[in-house]
Each structure stands twice: as C-alpha cells, then as structure tokens.
Amino acid sequence: MDLKEAMKKRHSVRQYTDQPLEAGIVSALEDEIRACNSEGGLHIQLVRNEPKAFDSFMAHYGKFSGVTDYIAMIGKKSADLEEKCGYYGERLVLKAQQLGLNTCWVAMTYSKIKTAFTVDSGEKLCIVISLGYGKTDGVPHKSRSVSDVVMAGGTVPDWFLAGVRAALLAPTAMNQQKFQFSLNGNKVSTKAGFGFYTKIDLGIAKYHFEIGAGKENFQWE
C-alpha cells in the first residue's frame with residue numbers, strides 16, 4: 001500500500017498477538033530508523049522482545065497487552081525535539097503499517113526500562129511507539145472538521161485541503177487535534193495548541209499534511 005492508503009488504514013492498536021516480528025520486517029524497520037536518525041539528527045531505537053515496559057499497572061490500565069516490541073523516540077534536548085519525534089515517529093508508524101504491523105503512540109502508560117535502550121548525555125526519551133501484530137486493526141478516531149483547523153482566506157487550493165484532510169487522519173494525544181494550518185500563497189504555516197504532547201502531535205500532523213498535499217506544491221513557513 002502507498003502512504004496515503006496507510007494513513008487511512010492505520011488506527012491505534014493496544015492488544016497484540018504473540019506472533020514474533022519476521023526478520024525481513026525487522027530489517028526494513030531498522031533501515032527506516034537509520035534513515036530517520038540520519039535525516040533528523042535523532043537517536044531512535046527499535047526495542048525487541050522486551051515485555052517489562054508494558055507489564056505495569058499503568059499499562060494494564062491503558063488496556064495494553066502483548067506488547068514486547070516498541071520504538072523508543074530519543075534525541076538531543078532542543079526546542080524542536082518533540083516536533084521532530086512526532087514527524088519521524090509517524091514516518092515509522094506508516095512504514096510499519098505498510099509492512100503489515102499495527103502500532104500505538106504511548107506517552108504515559110509504560111515503564112522506562114533503562115537497559116532496553118540508550119539515552120546518551122544531553123538526550124531525552126520523548127515517547128514510545130508500540131508495534132506488532134494486532135488482535136484487531138483498531139477503529140477510526142473522531143475528527144474535527146477542516147474549518148476547525150484552517151486559517152485561510154479566499155480560494156483555497158485543492159492540494160491544501162487534501163493536506164489538511166490528511167492531517168486530520170493523524171493520531172493525537174487524547175484525540176484533541178490541537179493544531180492549525182494557515183495558508184499564504186504557496187507557503188503553509190502551522191502552530192500547536194496548548195496542552196500535553198501538542199508539539200509531538202504537530203509533528204505527526206505535519207508529516208501527514210506533506211503526504212496529502214504533496215511536498216512539491218508548497219513550502220513550510
């Protein structure tokens with residue numbers, strides 16, 4: 001499936017089967033992680049066969065089960081780290097979907113197992129992404145309307161609307177969708193709302209917008 005199809009089919013999944021990840025899928029994920037780390041200056045790591053992070057009270061409260069594999073989104077502390085983790089994390093989420101896996105962004109309901117990944121000096125673990133073969137494919141989330149998240153006057157081009165619709169498919173914390181897109185000619189600007197994890201949400205939404213709008217049609221402002 002292409003990325004647009006992956007966006008539509010991907011939903012949050014919290015319960016997984018015990019089917020192990022196939023070697024070819026692990027290799028493809030590792031390749032994509034290396035590309036994201038190189039491009040984004042991050043230290044993302046794939047954690048394999050590690051059940052302790054999702055065996056806590058909070059994880060069970062969050063209805064997680066069967067999670068043994070996850071992606072740790074790590075990078076150097078900076079003002080834009082959370083947005084970059086959202087952007088490149090969603091790139092990995094959609095790659096996983098293309099590979100036949102299910103995923104879920106996880107902010108609070110997991111335990112930090114320090115031996116499972118490496119956080120170097122000056123770095124921070126922002127968030128993790130569970131992945132594996134889901135017991136279900138999940139269900140679509142409720143979305144705000146296009147007019148709720150757009151600031152644009154006059155005639156709005158089709159590519160911009162397609163980008164916004166793609167952004168509204170993006171997962172966000174508590175399904176808040178606290179982001180906004182503005183248009184000035186072919187320049188698009190965005191801003192995050194107030195609240196927890198809204199900068200990560202903005203990065204996720206920006207990646208979706210690029211896929212929907214086509215990077216050749218606009219510039220980020």
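Biologist: What volume does the largest pocket have?
Modeller: This is a predicted model, and in it the largest pocket has a volume of about 1,000 Å³.

Biologist: Okay, and which residues lie nearest its centre?
Modeller: The lining consists of 36 residues, and those nearest the centre of the pocket are Arg14, Thr172, Ala173, Met174 and Asn175. The elements that give two or more residues to this lining are helix 1 (3-9), helix 3 (57-61), strand 3 (102-106) and helix 6 (198-213).

Biologist: How many of the lining residues are nonpolar, polar or charged?
Modeller: The lining has 21 nonpolar residues, together with 11 polar and four charged ones.

Biologist: Switching to helices, at what angle do helix 2 and helix 4 pack?
Modeller: Helix 2 (residues 23-40) and helix 4 (residues 81-98) pack at an angle of about 160°, and their axes are 10 Å apart. Angles over 145 degrees count as roughly antiparallel, so helix 2 is roughly antiparallel to helix 4. The crossing of these two helices is right-handed.

Biologist: Which residues make that contact?
Modeller: Among them are Leu29, Ile33 and Cys36 of helix 2, and Tyr88, Arg91 and Leu92 of helix 4. By class, the residues of this contact divide into eight nonpolar, one polar and five charged.

Biologist: And what about helix 5 and helix 6, how far apart are their axes?
Modeller: The axes of helix 5 (residues 158-167) and helix 6 are 7 Å apart, and the two helices pack at an angle of about 140°, which makes helix 5 oblique to helix 6. Their contact includes Trp159 and Phe160 of helix 5, and His208 and Phe209 of helix 6, and its residues divide into nine nonpolar, three polar and no charged.

Methods
Residues numbered from 1 in each chain as written. Predicted model: local features only at pLDDT ≥ 70, side-chain atom pairs only at ≥ 80, totals over all residues. Heavy atoms only, no water. 1 Å grid on protein atoms, 1.4 Å probe; cavity = no way out; pocket = protein on both sides within 12 Å on 5 of 7 lines; lining within 4 Å. Points joined across faces, edges and corners; volume = space filled by probe spheres on them. Helix = DSSP H or I, 4+ residues; strand = E, 2+ residues; numbered from the N terminus. Nonpolar A, V, L, I, M, F, W, Y, C, P; charged D, E, K, R; others polar. Axes fitted to C-alpha atoms, helices over the stretch in contact; angles between N-to-C directions. Parallel < 35°, antiparallel > 145°, perpendicular 65-115°, else oblique. Left-handed = near helix turned anticlockwise from the far one by under 90°. Contact = heavy atoms within 4.5 Å.
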